[in-house]
Structures are given as structure tokens and as C-alpha cells.
Amino acid sequence: MQHMLITVRYRVAGNHAHFRHDMSKAAAMIAELPGLAWKIWGFDQDRGAGVSAYLFESEPAARAFLAGPVLERLRNRPDVTEVTFDIAPVDRGLSAITGATRALAAVPTGAAITPAGAPA
């Protein structure tokens, strides 16, 4: 299966500590997303700019995430604006050159993916 990378960018206005507190509660739910290998969080408080990178085991898992509730909840927050995302297949060859071999090797490639909301 083809691993997929999703980047999400957004702006946060207001109390950044409150936003971070809310995200610490959401992190456990995000960690359980079907097909998610890992997520990295980035946040520049001075600019109120957030960026997250998600690695999914497959395109169906990545698409299920994009259609699911996580981004919708982020978009519906009154303190968050400008939510955008990009999705792309992982280039294993270039990623290996820059040190991602171990990260990609740890991702299962044969796991069955159940789209969000579908019966298991």
C-alpha cells in the first residue's frame, strides 16, 4: 500500500494555552484514528500559526481522515481560522535519503482499514 502524508495548516486567535489544553484532550482520540502511523504537531505562538503532519498507512485511511470529524471540529472552533490541508503519496526513495526509512518501516502495510463511521 502507498503511505500518504497529510499536512494541515491553521491560525489560532486568542488564548493559545486554552487551545493547547483542548488539543491535549483531542490527541488521544487522534492517536486512535484507523491507519494513522503518527502525527507531529507544530505551533508558533508568536504568529498563531499551527501545522500538523500526519502519516497514514494508505490512501483510503488518509481519505477517511479527511472526511471524518477531526478537521471538521478544528474548522468549527471559534478561535481557529484558515484551515487548509495538502495530501500526497510518500516518496519512499527521497524519504530514505533524508532519514525516514525507520519511520516508514514501522508503519504496517497490510493492515485492513475501516473508514471512519463504517462498521468494523
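Tutor: Ala 49 counts as buried, because its relative accessibility is 12% and the cut-off for buried is under 20%. Please keep in mind as we go on that this is a predicted model. Ala 49 lies in strand β3, and if we leave aside its neighbours within four places in sequence, Ala 49 is in contact with Tyr 10, Arg 11, Gly 42, Phe 43 and Asp 44. One of these contacts, Arg 11, has Ala 49 as its bridge partner in β3. That bridge leads us to the pairing of two strands, for β1 (residues 4-12) and β3 (residues 49-56) run antiparallel to each other and are joined over eight bridges.

Stepping back, we find an open sheet of four antiparallel strands, arranged in the order β2-β3-β1-β4. The edges are taken by β2 (36-44) and β4 (80-89), and because each has a single partner strand, one side of each is left without a neighbour in the sheet. On average, and with direction ignored, neighbouring strands here are turned by 15° against each other. Helix α1 (residues 16-31) packs on this sheet and touches β1, β2, β3 and β4, while its direction makes about 175° with that of β2. Helix α3 (residues 69-76), in turn, lies across β1, β3 and β4 and runs at about 155° to β4.

To return to our residue, the C-alpha atoms of Ala 49 and Val 80 are separated by 9.7 Å, although the two residues are 31 residues apart along the chain.

Technical notes. Residues are numbered from 1 along each chain as its sequence is written. This is a predicted model: local features need pLDDT of at least 70, side-chain atom pairs count only at pLDDT 80 or more; totals for chains, interfaces and linings use all residues. Side-chain values use heavy atoms; hydrogens and water are left out. Two strands pair if DSSP finds at least two bridges between them. Axes are lines fitted to C-alpha atoms, for helices over the stretch in contact, and angles run from 0 to 180 degrees between N-to-C directions. Contact means heavy atoms within 4.5 Å. Buried means under 20% relative accessible area, exposed over 50%, partly exposed in between (1.4 Å probe, protein chains only).
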